[in-house]
Amino acid sequence: MFQQTQTPEFFRAVAEAMELRQAYLRDGCIFIKGEDLIPILLGIGAREEDFNKLRKVSHYLDPDPTVNYRTLRSGRFSVDMSAGTIERLERQPFILTTVENYKRNDSDIPRDFGDFDENHQDNTVIQAMVVLKAWITQNIPVLPRPGLDYEKDTVLTEIFNVHTFTDQGIQGYPALEGVHQDGSDHTMTVILGASNVTPDSGITFVHARDEITGVQHSETRMELLKGRYQHRDFLDTLLFKDNSTKHSVTPVYALDKSQPSYRDMFVIFSRKPRSETHLSGQPDSLKAHEKFKLKFPIWLPPLPESHTNAQPHSESQSPFSKKEGFSTLMSPDSEVLSYRAGKIGAPVLVGS
């Protein structure tokens with residue numbers, strides 16, 4: 001880590017990350033094209049060979065215990081801001097509650113997912129993603145969630161590798177629950193790959209908090225739509241304040257219905273740890289993983305004054321420029337607009 005921090009690539013990555021952070025502080029939501037993200041991750045310390053491994057990591061997943069259209073694994077990490085360390089944490093059942101605006105057949109039920117092994121934990125791209133997210137979100141003001149310990153310097157980061165598929169009468173849903181929240185402070189979604197999907201598959205809609213939890217995207221109100229985004233290329237990434245908004249995602253539709261289709265994603269939740277008073281009844285364990293041990297340093301960039309006193313966007317307003325009544329990173333003709341790293345502040349048109 002020390003050697004990496006002495007390289008020009010590292011300092012360029014820091015500069016790019018701070019521009020992204022400034023946009024996130026201002027807007028509460030940013031979309032980063034994968035081609036712009038890769039140099040940042042390399043600058044942080046990701047190895048070239050691990051990007052190819054990342055494209056295949058979704059081969060090593062386990063069945064979801066409550067739905068039949070996806071496989072997944074997950075891993076829990078602590079980011080200790082005061083100690084400057086990131087550490088792998090022990091496995092713990094995952095639970096989201098109806099109070100956290102998650103309404104589905106498995107709400108309020110602890111779920112045991114497959115555990116990350118070396119294929120995930122030792123991948124330096126995944127490690128660099130955790131570092132980058134910590135850089136961007138450190139000290140960003142959020143709408144507090146009840147039962148989270150905001151006095152702690154530790155941030156809990158949970159990473160889910162999700163393979164959603166449609167095949168032989170099984171319809172794949174990235175978000176069967178419709179409009180929802182994730183119970184986090186900051187949610188990051190990253191695409192690893194997709195195959196045989198229609199152009200309207202996997203579109204993420206970001207809604208105002210006033211949208212009704214549990215309704216499908218087709219039932220939502222246009223006046224409460226704050227943005228729509230589509231991950232298309234390897235490592236396209238969306239980051240948003242989870243408790244300041246709600247979101248929904250369209251299903252995975254097969255282009256050729258005679259063949260299976262799939263969409264592979266990382267979903268990364270970051271939040272303060274749950275305390276004993278959390279309504280789930282499950283406080284977060286911060287014990288190190290006994291089998292898969294991992295602990296490495298994180299250097300936190302000093303924040304310029306402009307990165308600590310910018311005015312966040314009003315939750316009643318869209319964080320991006322208006323177009324046909326809503327902010328958009330996907331125009332009606334399905335071209336994608338993105339905030340390119342290093343060019344924050346103005347949308348840049350990226351062809352399909």
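1. The structure holds 20 salt bridges, a salt bridge being a side-chain nitrogen of Lys or Arg within 4 Å of a carboxyl oxygen of Asp or Glu. This is a predicted model, in which local features need pLDDT of at least 70 and side-chain atom pairs count only at pLDDT 80 or more, while totals for chains, interfaces and linings use all residues. Residues are numbered from 1 along each chain as its sequence is written, and side-chain values use heavy atoms, with hydrogens and water left out.

2. Lys33 pairs with Asp233 in a salt bridge whose closest N and O atoms are 3.0 Å apart. Because Lys33 lies in the loop between β1 (29-32) and α2 (34-44) and Asp233 in the loop between β9 (225-230) and β10 (237-241), the pair ties together parts that are 200 residues apart in sequence; helices (H or I, at least four residues) and strands (E, at least two) are DSSP runs, numbered from the N terminus. Lys33 is buried, at a relative accessible area of 3%, whereas Asp233 is partly exposed, at 42%; buried means under 20% relative accessible area, exposed over 50%, and partly exposed in between (1.4 Å probe, protein chains only).

3. Arg88 and Asp115 meet through their side chains in a salt bridge of 2.8 Å, N to O. Arg88 belongs to strand β4 (residues 85-89) and Asp115 to strand β5 (residues 114-115), so the pair ties together parts that are 27 residues apart in sequence. Both Arg88 and Asp115 are buried.

4. Asp242 forms a salt bridge with Arg145, with 2.7 Å between the closest N and O atoms. Asp242 is buried at 0% relative accessibility, and Arg145 is buried at 8%.

5. Salt bridges also link Arg47, Glu49, Asp50 and Lys53 in a network.
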